[in-house]
Amino acid sequence: MSAQALVNEGALRRNRRVKRLGGLGLWLNPLVAYFFLWAPILVLVLFSFNQSKSVASFTGFTLQWYSNILNNVVGAESAFSTELMLNAFRNSLFVGTIATAIATVLGAMIALAMARGSFPGKRLLDGLLFLPVVIPEITQAISLAIFFKVAFDWMHLLSGERMFPGFHTIIMAHVTFNISYVAIVVRARLADMDPTLEEAASDLGANPWQTFWRVTFPLILPGVVAGALLAFTLSLDDFVITFFTSGVGTTTLPVFVYGLLKLTVTPEVNAISTIMMLLSTFLVGISLALQGRGASQS
């Protein structure tokens, strides 16, 4: 065998080894990524059933910590109770419901304008729409806190009345970042919708209002509901922005859990976090199912 043939054969063997290693890497990469994403969550869920109060080792299975939550006992060494937790949960539901309703209406309107309209500044609005999605949450929280401080100072100078952060500031902050998520989901639904259906309705004599309610809205409804569920989930789980824009008596469930962590890490914290995670996963799952159903019907 010639020297050139030996060189070619060696190169082929190296290429085959590299190909096998590359295939193995492509197979392992998602497993490793999902492991690092889900391992801490699975450990949290596991230790919410741990018989011992220590998080150092799993000593046995128990439902005691979930029972403590239901029986108004959350952390024997802490000053918190289930009544306070349920009040915080009611606050989260109140904020999430109102913020979701407002963000859904505004987000759907923006999505319709971006998908069907033509107006000056559309490209700028398109870029601004993604800002709440891509910028860090702490940046949004600080900017909103500064905005409310400046706005309240101006209102105090103009009217003499001093305003303070409360539910109104939390709701406005949640609406601010939820609009983008709703608009993106609804806009994606509009992009998959056949525009000739709206044109046919117009040709048959329907005015723009009738076309919207009888043709456009029923077709984008799965996207609107999916966006609303996603917005509600984000609002329910939000801590950073809520923490920076909340006031006295407006503690939401994530802020309540943070308060528990500051005093002591009790097993009940793991149980509460597990319940929050399951609720969020359920709502996001419904949102994804609605988006998939809407896409399959288009």
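The model is predicted, and local features need pLDDT of at least 70, side-chain atom pairs count only at pLDDT 80 or more, and totals for chains, interfaces and linings use all residues. Residues are numbered from 1 along each chain as its sequence is written, and side-chain values use heavy atoms, with hydrogens and water left out.

The secondary structure comprises twelve helices and zero strands, where helices (H or I, at least four residues) and strands (E, at least two) are DSSP runs numbered from the N terminus. Of the 298 residues in the protein, 35% are buried (under 20% relative accessible area, with exposed meaning over 50% and partly exposed in between; 1.4 Å probe, protein chains only). Among contacts (heavy atoms within 4.5 Å) with a separation of 6 or more, 70% join residues 24 or more positions apart.

The largest nonpolar core has 13 residues; such a core is a set of buried Ala, Val, Leu, Ile, Met, Phe, Trp, Tyr and Cys residues joined through side-chain atoms within 4.5 Å. Met-85, Leu-253, Phe-256, Val-257 and Ile-272 have the most contacts inside this core. At least two of its residues come from each of α2 (64–70), α3 (82–116), α11 (253–263) and α12 (267–297). Beyond its neighbours within four places in sequence, Met-85 is in contact with Ile-69, Leu-253, Phe-256 and Ile-272. A second, separate core has nine residues, including Leu-112, Leu-190, Met-193 and Val-224.

The largest pocket holds about 260 Å³ of space. On a 1 Å grid over the protein atoms alone, a pocket is an open set of points where a 1.4 Å probe fits, with protein on both sides within 12 Å along at least five of seven lines, and lining residues have an atom within 4 Å of a point. Grid points are joined across faces, edges and corners, and the volume is the space filled by probe spheres set on the points. Of the 14 lining residues, Ile-69, Met-85, Leu-86, Leu-253 and Ile-275 are the closest to the pocket centre. Two or more lining residues are given by each of α2, α3, α9 (208–237) and α12. The lining divides into twelve nonpolar residues, one polar and one charged (Ala, Val, Leu, Ile, Met, Phe, Trp, Tyr, Cys and Pro count as nonpolar, Asp, Glu, Lys and Arg as charged, and the others, Gly among them, as polar).

Thr-252 lies in the loop between α10 (240–245) and α11 and counts as buried because its relative accessibility is 3%. Apart from residues within four places in sequence, Thr-252 is in contact with Ala-88, Asn-91, Ser-92 and Thr-242. Its C-alpha atom is 8.1 Å from that of Asn-87, 165 residues away in sequence.

Ala-141, in helix α6 (residues 137–159), is buried, as its relative accessibility is 0%. Not counting residues up to four places away, Ala-141 touches Val-240, Ile-241 and Phe-244. Ala-183 is found in helix α7 (residues 167–192) and is buried at 0% relative accessibility.
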